Amino acid sequence: MQIIAQYGEIFIILACLFGFFMAWGVGANDVANAMGTSVGSKAITIKQAIIIAVIFEFLGAWLAGGEVTATIRGGIIDPNLLEANPQFLVYGMLSALLAAGIWLMVASARGWPVSTTHSIVGAIVGFAAVGLGVDAVAWDKVGQIASSWAISPLIAGTIGYMLFKSVHHLIFESADPFAAAKRYVPGYVFLVGFIVAMVTLTKGLSHVGLHLSFSESLLLSILIGVLIMGLGIVMQRRIKYTQNANDHFGYANVERVFGVLMIFTACAMAFAHGSNDVANAVGPLAAVISVVRSEGMIDSAALVPWWVLVLGGAGIVVGLVTYGRRVIATVGTGITELTPSRGFAATLAAASTVVVASGTGLPISTTHTLVGAVLGVGLARGMAALNLRVIGTIVVSWLITLPAGAGLAIVFFFMFKGMFG
């Protein structure tokens, strides 16, 4: 208690700096997962991707980032075992932020798309198990999070597979693919708007003072979906059919229609990513602020201050703008050849999985989810469509992430413990 009273302001300043550094790492590495498919399918340029991500990552972090933040902040460590030494929680969360931030910086420099969720959860489990004792870790919660890392790619892959099959059946196999695209794509645009709006309104907005019933959220989500669909129809009407001697079926024109749709799915994925992965940066920061302000009381249900979500959102944006290009290139072109129609199926599948997980408070890996979705779309075209060497490299980088985060966090935990006593 005395240590927290004595060094409280220093702890909060360090937590803000390390939290911003961790959020920078999320922006530099993980935002590629949100934007890679859009850039890889040539639906949007890298410059457009950065503009979309800056706006929608920030909005996702601020409007819908609170639920998952609660899990990262108070769900992984048993708070009752820390009541005698609350400063250990502060040291541990500072260590976790610094460890995960450094690992993400290394991975981004190498162009590896690693999981920021793996990084921070591994770091928290590492310092807790070694620094506090194995009993301090809520292993049932860790097991639940770990199972989501396996389940989320399966769900996203299945949705991606079905979406791409539906696109193939309804549009590419029809007598006039271009006319079919113009007929069915507005429905897919509605789906994008509805899914993101529904999860945000039902789960994400309580911390900004908006409490809606389920039926109110449903009606508002349908209205938002219809408005976005209307915007899509207006944009779609500008696309004129162009004749090409090498493109007998007019598939290039269909892909141009899907290029419009990819703008919407890129916005949805950026929003979904911001809502889920801001927690990786601001969850530990919020825990430090809560312990310092309550003078040592550990309350896993404390509210996240609004400015903490803003700090996390700003860090993500800065990371993307300064360092995000490299990993975008890896994800966008490495796993499988993407066209706008394939990219749409993968991105919407991943966004749907991520926003639902954010709504339920489960911190899943966006990296795993998107790679699962892209694999699902690739499998819909056959195994030959996948680049297994790149997939292997990505999986190896995932396996290194957990021990790297845990090892660095253990070192920093004992360093802080030695510095502050």
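This is a predicted model: local features need pLDDT of at least 70, side-chain atom pairs count only at pLDDT 80 or more; totals for chains, interfaces and linings use all residues.
How many of the 421 residues of the protein chain count as buried? I looked this up to start with, and the share is 59%. Buried here means under 20% relative accessible area, exposed means over 50%, and partly exposed is in between, with a 1.4 Å probe and protein chains only.

I number residues from 1 along each chain as its sequence is written, and side-chain values use heavy atoms, leaving out hydrogens and water.

**Overall layout.** I found 14 helices and zero strands in the protein chain. Helices are DSSP runs of H or I with at least four residues, strands are runs of E with at least two, and both are numbered from the N terminus. Next I checked contacts, meaning heavy atoms within 4.5 Å. Of those between residues at least 6 apart in sequence, 85% join residues at least 24 apart. The accessible surface came out at about 16,400 Å², with 68% of that belonging to carbon and sulfur atoms. Such areas come from the Shrake-Rupley method with a 1.4 Å probe, and for residues only the protein chains shown count as cover.

**Cores.** I then went looking for nonpolar cores: sets of buried Ala, Val, Leu, Ile, Met, Phe, Trp, Tyr and Cys residues joined through side-chain atoms within 4.5 Å. The largest one has 70 residues, and Phe11, Met22, Met35, Tyr91, Leu94, Ile120 and Ile124 touch the most other members. Several helices supply at least two residues each, among them α1 (2-40), α9 (251-293) and α14 (388-420). The top giver is α4, with 14 residues. There is also a second, separate core of 44 residues, which includes Leu163, Ile195, Leu348 and Val374.

**His118.** I found this residue in helix α5. Leaving aside neighbours within four places in sequence, I saw His118 in contact with Trp149, His368, Trp398, Thr401 and Leu402.

Helix α10 covers residues 306-323, so I counted on 18 residues, and its first and last C-alpha are 26 Å apart, close to the 26 Å expected at 1.5 Å a residue. That expected span is 1.5 Å times one less than the number of residues. Buried residues in α10 include Gly312, Gly313, Gly315 and Gly319. Gly324 sits in the loop between α10 and α11 (325-334). With a relative accessible area of 3%, Gly324 is buried too. Not counting residues up to four places away in sequence, Gly324 touches Gly27, Ala28 and Gly319. I also noted Ile50, 274 residues from Gly324 in sequence but 8.6 Å away in space, C-alpha to C-alpha.

**Ser166.** This one is in helix α6 (residues 139-172). Ser166 is partly exposed, at 23% relative accessible area. Beyond residues up to four places away in sequence, Ser166 touches Ile171 and Tyr188.

**Surface patch.** Last, I looked at the outside. Phe214, Leu218, Ile222 and Val226 make a nonpolar surface patch with about 340 Å² of accessible area together. Patches take residues with over 30% relative accessible area and no salt bridge, joining like charges within 9 Å and nonpolar side chains (Val, Leu, Ile, Met, Phe, Trp, Tyr) within 5 Å. A salt bridge is a side-chain nitrogen of Lys or Arg within 4 Å of a carboxyl oxygen of Asp or Glu. Leu218 lies in helix α8 (residues 214-237), and at 31% relative accessibility Leu218 counts as partly exposed.
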